[in-house]
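Subject: Model for your files

Hello,

Here is the structure I said I would pass on. My notes follow below it.

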Amino acid sequence: MESQRVVVVVEDVGAARAALQWAVRNFIRAGDCITLLHVCPPARSRRRRRSLRLGGFQLALAFRELCNGIAEAKVEIVVREGEVGETVVATVNQLAATTLVVGLHDKSFLYRSTSPYERMRRVGCRVLGIRQHATTRDGSFNAELTQIETINLHSGRNGFQKAKSQL
């Protein structure tokens, strides 16, 4: 089976950790390449920019520990600066990722866009949105998977044709 390139959005929220944990248990296989992507907000001062990037890298290192159980998986950390949604889309496409894993929460970048579906259509891969639910007594958590799919209709000589892209 061919290896995957999975990009996981790293944020300092429980939903992001839950999404990575879900992906490690249910989706990522030995031999896959995992990119932990953290996006820092733009900063004017060099000192502030450095502080934000360092904090993002440290957060990604904590997420990396969640990947330790995957044999032969390559884990890399990427920290970028910019608007979260645009930077995630650009990075995913630049890396030619096969899957984007996102923890869904109230302030998720997916919900902040004026046109979230338009933004996700530009991602050239499958998008898995994981929403964390309450933690159970034994310490595990319940998670809900959402695979985001778009279907575009293109008009051609023979009428409308369905072009399906899994995001």
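Is aspartate 32 buried or exposed? Aspartate 32 is buried, with a relative accessible area of 0%; buried stands for under 20% relative accessible area, exposed for over 50%, and partly exposed for what lies in between (1.4 Å probe, protein chains only).

This is a predicted model, in which local features need pLDDT of at least 70 and side-chain atom pairs count only at pLDDT 80 or more, while totals for chains, interfaces and linings use all residues. Residues are numbered from 1 along each chain as its sequence is written, and side-chain values use heavy atoms, with hydrogens and water left out.

Confidence

The chain has a mean pLDDT (the predictor's confidence in each residue, from 0 to 100) of 79. A value of 70 or more is reached by 72% of its residues. Over residues 148-167 the pLDDT stays under 50. For that stretch the model has 39 contacts beyond four places in sequence, a contact being heavy atoms within 4.5 Å.

Salt bridges

The count comes to five salt bridges, each defined as a side-chain nitrogen of Lys or Arg within 4 Å of a carboxyl oxygen of Asp or Glu. One of them brings in the buried aspartate 32: its partner is arginine 29, and the closest N and O atoms are 3.9 Å apart. Arginine 29 is partly exposed, at 29% relative accessibility.

Another salt bridge links aspartate 12 and arginine 17, with 3.4 Å between the closest N and O atoms. Here aspartate 12 is exposed at a relative accessible area of 60%, and arginine 17 is partly exposed at 30%.

Lysine 74 and glutamate 76 also form a salt bridge, at 3.9 Å from N to O. Shared partners join Arg5, Lys74 and Glu76 into one network of salt bridges. Glutamate 76 lies in strand E3 (residues 74-81); strands (E, at least two residues) and helices (H or I, at least four) are DSSP runs, numbered from the N terminus. Its relative accessible area is 18%, so glutamate 76 counts as buried. The side chains of glutamate 76 and arginine 5 are joined by a polar contact of 2.4 Å. By polar contact I mean a pair of N or O atoms within 3.5 Å; within protein, one must be able to donate a hydrogen and the other to accept it, and residues adjacent in sequence count only if both atoms are side-chain atoms. Leaving out residues up to four places away in sequence, glutamate 76 touches Arg5, Cys33, Ile34, Thr35 and Leu36.

Helix H1

Helix H1 covers residues 14-26, which makes 13 residues. The expected span is 1.5 Å times one less than the number of residues. That gives 18 Å for H1, and its end C-alpha atoms are 18 Å apart, in agreement. The buried residues of H1 are Ala15, Ala16, Ala18, Ala19, Leu20, Trp22, Ala23 and Val24.

Alanine 96

Most residues other than glycine have a negative phi. Alanine 96 is not a glycine, yet has a positive phi of about 55 degrees. Alanine 96 sits in the loop between helix H3 (84-95) and strand E4 (99-104), and is exposed at a relative accessible area of 56%.

Cysteines

There are zero disulfides in the structure, a disulfide being a pair of cysteine sulfur atoms within 2.5 Å. Cysteine 40 is buried at 2% relative accessibility, and cysteine 67 is buried at 4%.

Regards
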